[in-house]
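Thank you all for making the time this morning. I would like to walk through one structure with you, going helix by helix and then turning to some loop residues.

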Amino acid sequence: MATAKKLPSGNWRIQKYIGKDERGKRVYKYFTARTKKEAEHMAAEYRIDFERNQRLRQEMAKNPADYLTVHEAMAAYIELKSNILSPSTLYGYQVVMDNRFLDIQNMKLSSLTNSIIQCSINKDAVNVSPKTLANASGFLSAVLGQYYPDFHYKVTLPAKKKKIKELPEPATILSVVKGTNVELPVLLAMWLSYRMSEVRGIRKQDITKDGYIVLNQTKLFIANEEIIRDNAKTAGSIRKLKVPDYIMKLINQLPDDQEYLVPEKPQTITKRFYRLLAENNLPHITFHDLRHLNASVMVMLGIQEKYAMERGGWSTPHVLQSVYQHTFSSEREAVDKKIDDYFCALIE
């Protein structure tokens, strides 16, 4: 036991070694009281609590599912992955923790069953989209895999509903945004297939002397905070694209002291874009739909898949084929007419 020492003030102090920090430096805990007996009592109580907590931590490490609630496990998982996953992914997990599975978050992991989780999912399915539920389920599955690996997670999620969205012709979009304060960001998305975070992350210094954009970073706006990420969404997102002359002219018109090509917040850009669509009686599309338009143009022009993937920064052809390829109304009408003409000729 540590020896008590009387201080010049008349108080008694005990210095107790409690271990080493992450740098290997010895760490001490101090207990000061008016009498030697009180100081010794404080040190003894701390030792008992310390040893009890140490045993508890060891037991938790062996079987955390018996000690952690769903909420605690979610929070621990977010902290565990804080320096590994992207800020947008971590923010998405935080949103899930704040809004989904609320009726089971106080339950211990070891008390969960697939039926309990399924009931929670069923409740949210009334007001939440299938995609949102799929994301929430994926997060919970990862949490259980980390802290309750023996649990066999198996639930049924609502089927994703395929939406048929009529996208305007690129020429229509061009005519609407030309000369406006969103022309540059819209063209960077529709012509060069950049995501919003990529559009906002491009700086003048990212444009080479021979007229290429080398994507070095992305800029996200999460929870009212600008986050600069020095890498792209995926390895395939890191790409080098030639800047068309028309877009280069727009860039050259920017103020000399403006570092980023598009300094506005994403909300500002989207509001301006949506307002233009409404003023011109065009159907509502998202800013991200401009990437869909770009993919559709490449398909229409017969661009080989490997080159389309490279330009758009898609990591797999599945993403390009199943998510981003839309056909324009005029193209679909031409296909329909071609097929109809064929069968009509057979009938005649």
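This is a predicted model: local features need pLDDT of at least 70, side-chain atom pairs count only at pLDDT 80 or more; totals for chains, interfaces and linings use all residues.

Residues are numbered from 1 along each chain as its sequence is written, and side-chain values use heavy atoms, with hydrogens and water left out.

For the chain as a whole, the secondary structure comes to 14 helices and seven strands. Of its 348 residues, 36% count as buried, where buried means under 20% relative accessible area, exposed means over 50%, and partly exposed is in between, with a 1.4 Å probe and protein chains only. Taking a contact to mean heavy atoms within 4.5 Å, residues 24 or more positions apart account for 60% of the contacts with a separation of 6 or more.

Let me begin with helix α4, which covers residues 114-125 and contains Gln 118. The helix has 12 residues and reaches 16 Å from its first C-alpha to its last, close to the 16 Å expected at 1.5 Å a residue, the expected span being 1.5 Å times one less than the number of residues. Which residues of α4 are buried? They are Ile 117, Gln 118, Ser 120, Ile 121 and Asp 124. Seen down the axis of α4, these buried residues fall within an arc of 160°, so they line one face of the helix; the arc is that of the directions from the helix axis to the C-beta atoms. On the other side of α4, Ser 115 and Lys 123 are exposed. What covers the buried residues of α4 includes α5, residues 130-147. Gln 118 itself counts as buried because its relative accessibility is 17%, and, leaving aside residues up to four places away in sequence, Gln 118 touches Val 155 and Thr 156.

Next, a helix pair. Helix α7, residues 183-190, and helix α9, residues 245-252, pack at an angle of about 150° with their axes 10 Å apart; here axes are lines fitted to C-alpha atoms, for helices over the stretch in contact, and angles run from 0 to 180 degrees between N-to-C directions. The contact is made by Glu 183, Leu 184, Leu 187 and Leu 188 of α7, together with Tyr 246, Ile 247, Leu 250 and Ile 251 of α9.

Moving on to helix α8, residues 196-201, we find Gly 201 in it. Is Gly 201 buried or exposed? Gly 201 is buried, with a relative accessible area of 0%. Not counting residues up to four places away in sequence, Gly 201 touches Asp 206, Gln 217, Thr 218, Lys 219 and Tyr 260. Gly 201 and Ile 228 are 27 residues apart in sequence, and their C-alpha atoms are 7.7 Å apart in space.

Helix α11, residues 289-300, has 12 residues and reaches 16 Å from its first C-alpha to its last, close to the 16 Å expected at 1.5 Å a residue. Nine of the 12 residues of α11 are buried, so this helix is largely enclosed by the rest of the structure; among them are Asp 289, Arg 291, His 292 and Met 298. α11 is followed by Gly 302, whose phi is positive, near 75°.

That brings me to backbone angles. Most residues other than glycine have a negative phi. Phe 101, however, has a positive phi of about 55° although it is not a glycine. Phe 101 lies in the loop between α3, residues 87-99, and α4, and at 2% relative accessibility Phe 101 counts as buried. Where is Ser 193? Ser 193 is in the loop between α7 and α8; its phi is near 65°, a positive value in a residue other than glycine, and Ser 193 is buried, with a relative accessible area of 0%.

Notes. Helices (H or I, at least four residues) and strands (E, at least two) are DSSP runs, numbered from the N terminus.
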